Amino acid sequence: MARDDSEQGRDQAGADGEAGLSRRQVLAAGLTAAGAGLTTTAEASGIASPNGMVGVAGKGATAVEFRARFAQTGNVGQDFVGYGYLTAAAGAGDDLLFVPGASHSDATALFTAYAVGQLVRRTVDQAVHELDIEGTLTIYQRPGPGASFTDPDSFRQGTPVAVFDIGLHDIVTVFAPGRGLPTLNGDMAQTASAAVAGASRFGRVGAEARLFATGLGTLVDPTTLNSVLEMAGHWTTK
């Protein structure tokens with residue numbers, strides 16, 4: 001959900017008021033897609049113990065690590081989709097996250113992630129660009145392997161086990177024409193949780209975390225400012 005934004009001179013007019021879903025609309029869509037099996041904020045106040053839970057860590061500790069791709073689209077680069085898989089998670093061994101005995105990759109991952117977001121602010125100053133993005137992130141537990149970075153929709157197959165409301169701040173340092181180094185920081189608030197096969201639940205409704213990711217971005221279209229990024233990161237419990 002970050003972007004390479006490697007062309008200067010793009011007027012910010014229209015960025016703050018991008019046509020598209022509001023944060024509330026995006027969140028509502030993500031929750032609807034997550035399905036009736038999720039526990040909402042109002043329903044989950046009784047969760048008490050982290051025993052057997054996935055993605056629950058102590059304050060300041062890493063809860064989840066991930067690999068992802070991000071695609072920025074739209075006529076002015078205002079739409080974002082992120083998709084990837086969990087490489088590590090508190091409370092989960094490798095045999096829960098990947099096909100047992102297989103090498104770790106998108107093709108063998110059993111917990112995948114899919115996020116959607118909208119640009120809410122953009123600032124361009126020579127080679128350092130800033131973007132603020134808001135949206136939702138859903139974690140899925142797949143019944144088997146088969147996700148592929150060549151098919152973004154394959155990362156939103158299976159049972160949705162967690163939904164997060166996210167606000168991201170992306171700083172892109174352009175180092176060559178059409179190439180940039182993105183640094184993504186963000187706040188996460190879990191809004192839904194469901195049972196996990198082989199464990200208890202994924203996370204806790206109401207839990208907050210801090211996300212960090214970095215990688216490499218490539219500008220696809222200098223007119224629309226569309227880009228693709230390859231990134232890795234983690235989130236830590238607040």
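Select S6 and S7 (residues 179-193): the two strands form a hairpin with two residues between them, and Gly178 in the turn has a positive phi of about 75°. Strands here are DSSP runs of E, at least two residues long, numbered from the N terminus. This is a predicted model, in which local features need pLDDT of at least 70 and side-chain atom pairs count only at pLDDT 80 or more, while totals for chains, interfaces and linings use all residues. Residues are numbered from 1 along each chain as its sequence is written, and side-chain values use heavy atoms, with hydrogens and water left out.

Two strands count as paired if DSSP finds at least two bridges between them. S6 and S7 pair in the antiparallel sense over 14 bridges; display Leu168, which stands opposite Gly186 in S7.

S7 and S8 are antiparallel, with nine bridges, and Ala189 stands opposite Glu208 in S8.

Continue to S9 (residues 226-237). S8 and S9 pair in the antiparallel sense over twelve bridges, and the bridge partner of Ala209 in S9 is Thr237. These two strands form a hairpin with four residues between them, where Leu225 in the turn has a positive phi of about 60°. S9 also pairs with S2, again in the antiparallel sense, over ten bridges; Val64 stands opposite Trp235 in S9.

A cavity is a set of points on a 1 Å grid over the protein atoms alone where a 1.4 Å probe fits but cannot get out; lining residues have an atom within 4 Å of a point. Grid points are joined across faces, edges and corners, and a volume is the space filled by probe spheres set on the points. A search of the whole structure finds one cavity of 30 Å³ or more. The largest cavity holds about 180 Å³. Select Phe66, Phe70, Ala115, Leu137 and Leu211, the closest to its centre of the 18 lining residues. Strands S2 (62-73), S3 (79-89), S4 (111-125) and S6 (159-176) each give two or more residues to this lining.

Finally, keep Leu137 selected. Its contacts (heavy atoms within 4.5 Å) include Ala113, Phe164, Met188 and Trp235. Leu137 is also among the residues with the most contacts inside the largest nonpolar core, which has 48 residues. Such a core joins buried Ala, Val, Leu, Ile, Met, Phe, Trp, Tyr and Cys residues through side-chain atoms within 4.5 Å, buried meaning under 20% relative accessible area with a 1.4 Å probe, protein chains only. S6 provides the largest share of this core, six residues.

Technical notes:
On a 1 Å grid over the protein atoms alone, a cavity is a set of points where a 1.4 Å probe fits but cannot get out, and a pocket is an open set with protein on both sides within 12 Å along at least five of seven lines; lining residues have an atom within 4 Å of a point. Buried means under 20% relative accessible area, exposed over 50%, partly exposed in between (1.4 Å probe, protein chains only). Lists of a residue's contacts leave out its neighbours within four places in sequence.
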